[in-house]
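Here is a short report on a two-chain model. Look at the sequence and the structure first, then read on.

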Amino acid sequence: MSSAEITASTGGDAPAEPRHGWRLFIMWFVLALAADLVIWFVWYPHMPPGRMSDNAKGQQFDIAVLAVSAAPVIIFVLLYFIYSIVVWRAKPGDESDGAPIHGNVKVQLAWIAGTTAIVLWLFIFGTVELVAPGGAGGGEGPSPIWTLAGTKSSTWAPGGNDTLQVQVIGQQWVWTYRYPQFGGFESSVLYLPENTPVEFHVTSLDVIHSFWAYKLGVKADANPGVDNVAYTSATALGGFEVRCNELCGIWHGAMYNSGYIVSPSAFASWASGVQSKEQADGVLTALPPYALTYDPTVVPQLGKQIVTIDGITGGAGYYYGPGNPVTP
Amino acid sequence: MAIETQPERAEPVGRGPEVAGAGRPWWLRPGVVTGLVGAVIGYFLGHWLGNLLGGDYARSALADTNDVAIVLGYAFGVIGWLAGLGVFNDLFGLMLGRPLPEEPRLLGREEPGVGKYFRYTLDHKVVGIQYLYGMIAYFLTGGLFAMAIRSELLSPTYHLIGPEQYLMVVGEHGTMMMMMMSSVILGPFGQYFGPLLIGSKRVAFPRLEALGFWLTPAAYVILLSAVLMGGFPTGWTGYEPLATQATQGEDAYFFAFGLMGISMILAGFNMIVTVITYRAPGMRWSRLPMFVWSMFTVSFLQVLAVPVLVGACFMALADRTFQTAFFANQLGGSSFLYEDLFWFFGHPEVYILALPGFGVISEVVSVFCRKPLFGYKVAAAGMLGVGILSFFVWQHHLFDSGINPDMRPLFMLTTELISIPTGFIYLVGMGTFWKARIKFSIPMLFALAFYFNFLLGGISGVFLSDVPADVTEHGSFFVMAHFHYTIMGGLIFAFMAGIYYWLPKMTGIKLNERLGKIHFWTMFIFFNSTFLPLFALGMAGMPRRVFEYARNLQTLNDWVSISAFLLGGSILIFLINFVMSMLFWREPEVGNPWRARSLEWQLSSPPPPENFKRVPVILSDPYEYGVPGALPVAELNPPLGVIAGAYAPASGGVEG
């Protein structure tokens, strides 16, 4: 766009007039370069959402690239306005009119070409970034087309490149996580192994929620009766928070719980431990068979009891007593 | 379109009575008082009918939780309100073969007093002023709810209002602002100046126009009545199935939004026909003021997009009352259907909010730069381009919702494409500033602030359009900051520019300049100090519409809250200025204080009752500042019966 300004200034200047276009260009170039360098080298490593997973890294990279692309545009427009109100403000008492310029075809064409180029660049960049790391962590609906590489099987063991499947069940106002590869046990805390492709199946029991694991770079709406798939792969150990990101009723603001990234072997021992405990408590047999969407209404049809505690059905499953699901 | 639509009359021909019911005492004449009586009667009639019809299958008739009774109460209440206002009088009069009452203003007579503002008046200038006061009232109400939200967010846990009240306040604030403020410029300035700027004595459908206004107080009261029923928990989007689960406040939400939708459709329809058919001779499309272009485009958006909203509201009310299942996943409906319908309206809606701002700013910038608008055709193309593209972007609100994943690159592209025509608006503004004689009047200050705010709002929109970045930003405070920058920072700043620019024309009174400058600077500083940190809050992972947030975000939230209160104080300064200037100081401003060329400023302030004694003949562009030998914008007193092509020079004296 700076070229547009040069054309404008060299177009029809009076000889005494300073070369506004060049002045603007030089100021813009210096400021934009400085801003971009600061953004890339100082700000980028600290940008949200951090680097806890490959998606988060990808989003951080995206936000940084967008910031680097946006800063010159913002600086150009602001600089232009500041420059013009300093240089071309009317002196007090000056009632004369400005130069009668109705337009300038070259400037207009350059502007259109410039903005179109920026837009196409952003589109191509965004699409590449969306496709490459397994759909960028967004919910892809029931039939995802961009997935993470990993072996899918009915069991999961550390060491290989098995995809861990986790069903995320939203309900007012709790998150429950179900691990179908471990007998389908349920947990109210999300444990995930490090460096493992994870496939979330997000669904809801009542209204629309949204599963947002900010540090993992995952966000997928939980729609009742719909399986919404999202991928991530954690690259660092540590805790993270899961929040509901879609207004779901009065306690929406309090609908959050936490998760942990642990080593694959620690995850395996935790998961099989919980599995055998829930097996022993009889919870696993009470659960409905694993399905991609979660429908509690099938339980009475299976001849099983829905557990209520103080008249309230508790937990995502509706099927177990106060000791379950496991809250470590 | 060079046909004179108003036959010139030598002398007025009296037909019917001038004001309906003029012989009766004031409280029996059709007006607000009789309207209120009709509304109350209608509400109770509808409520009774609803309990009669739906008492056995809706919740509990005795506890007043019967949705059927409440919805029918609203419906009959609105009909009673309109009947009491006298909306149907002319219709029934025509059916009975009575002559229609003549509009006194078209005979050149002004109705004295303020009574005309409280009646179903057919004068577009009266409707404009009615809208102005209405919109200020609606805006202040929405703003008070915002103050309540920010008070609650002073602390990371809930402390002031409970979670249910918090959601009520959030929903009321969001809905009040999004639905009522859609008319904040189209209402006051569009209705008032639309006909004046195109050289017309009237609008095409004055009854539809007045009806459009009188639906807004009804929608406002109905929306507020949700407070009496505990509010609605869905925010301004009303997502299903939460909306079906919600209590009776949700009925108020859907009914009010649908009603305001009808008002928007009527206003848009009237504006389209007026602009197409009522332009004065010589007012070619290439001379149409940019503000009229923006009104014209917005009207198309309203007429084409808002019916989808009205349909969605109707279906949602049907789900809630007579137990249909359009949006219930378990019963064969789809909650995605509601999301799609809502955003198919909702995205054009945000341009219904943004485009009028572009229009006002384009007018203001040209006048105070003392230069022709740079790239007139580019500006018009920008508005049309934004308007057309706005129909093709709605699924960017649903990137993470589980739509078909291959839709996402497509909607990313369309969303990013819309920044090209939006960029045109900046090109026009920046080109106009080139070698200008910039005067820092208050409207110009607001225009400059508009460019600043809308720039940040627009660029943050590009971050949201990028799907991977949107996974972090979607539904967070980042989005909130984005649309407050475009709507509050764009639309409301443009509205303020419009008030300072046009109020002398509308009332003959100017606002105090010192207070105006204080108002501008406080509003600009505290607006940015309120909403800029919200980008950071969203990036740090704070979702929208929560009353609990991470403790480490408290400092920033407190900063935002205090700035928001100061921003409220700035609006208070405006209010003081407005009330004192209009009621007590009354500094007259009758001439053309801005030395503006456009048509409305060639008239007296306020304009004569019938706008133009004769239909004017437009001679040149409204933006020909500094053009040597430019003709005046119009011949206000052309010889009788003149036709455009025969009178105006072919080129209008300048390149078009």
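## Confidence

pLDDT is the predictor's confidence in each residue, from 0 to 100. Two residues are in contact if their C-beta atoms, placed from the backbone, lie within 7 Å. Residues 644-656 of chain B also stay under 50, and here the model has 30 contacts beyond four places in sequence. Chain B as a whole averages a pLDDT of 88, and 92% of its residues score at least 70. For the complex, the predictor gives an ipTM of 0.89 and a pTM of 0.91.

This is a predicted model: local features need pLDDT of at least 70, side-chain atom pairs count only at pLDDT 80 or more, and totals for chains, interfaces and linings use all residues. Residues are numbered from 1 along each chain as its sequence is written, while chains are lettered from A and ligands numbered from 1 in the order in which they are written.

## Domains and contacts

Domain bounds come from an automatic or database domain assignment. Chain B is divided into domain 1 (28-102) and domain 2 (121-585). Their centres, taken over C-alpha atoms, are separated by 30 Å. Domain 1 of chain B gives 13 residues to the contact with domain 2 of chain B, which also gives 13 residues. Helix α2 (residues 67-85) of chain B supplies nine residues, the largest share of the domain 1 side. Helices (H or I, at least four residues) are DSSP runs, numbered from the N terminus.

Chain A is divided into domain 1 (2-88 + 104-133) and domain 2 (164-313). Ten residues from domain 1 of chain A and twelve residues from domain 2 of chain A make their contact.

The two chains touch as well. This contact takes 75 residues from chain A and 74 residues from chain B. On the chain B side, α14(B) gives the largest share, eight residues.

What kinds of residue line these sides? Ala, Val, Leu, Ile, Met, Phe, Trp, Tyr, Cys and Pro count as nonpolar, Asp, Glu, Lys and Arg as charged, and the others, Gly among them, as polar.

| Domain 1 of chain B, touching domain 2 of chain B | nine residues | two residues | two residues |

## Inside chain B

A residue is buried if 20 or more other C-beta atoms lie within 10 Å of its own, exposed if 12 or fewer, and partly exposed in between; C-beta atoms are placed from the backbone. A nonpolar core is a set of buried Ala, Val, Leu, Ile, Met, Phe, Trp, Tyr and Cys residues joined through C-beta atoms within 7 Å.

The largest nonpolar core has 290 residues, and B:Phe446 and B:Ala497 have the most contacts inside it. Helix α17 (residues 477-507) of chain B supplies 22 residues, the largest share of this core. Not counting residues up to four places away in sequence, B:Ala497 touches several residues, including B:Val360, B:Pro443 and B:Phe446.

α5(B) is largely enclosed by the rest of the structure, because 16 of its 18 residues are buried.

B:Met264 lies in helix α9 (residues 249-277) of chain B. B:Met264 has 30 C-beta neighbours inside 10 Å, so it counts as buried. Leaving aside neighbours within four places in sequence, B:Met264 is in contact with B:Ser182, B:Ser183, B:Gln302 and B:Val306.

Key. Helices (H or I, at least four residues) and strands (E, at least two) are DSSP runs, numbered from the N terminus.
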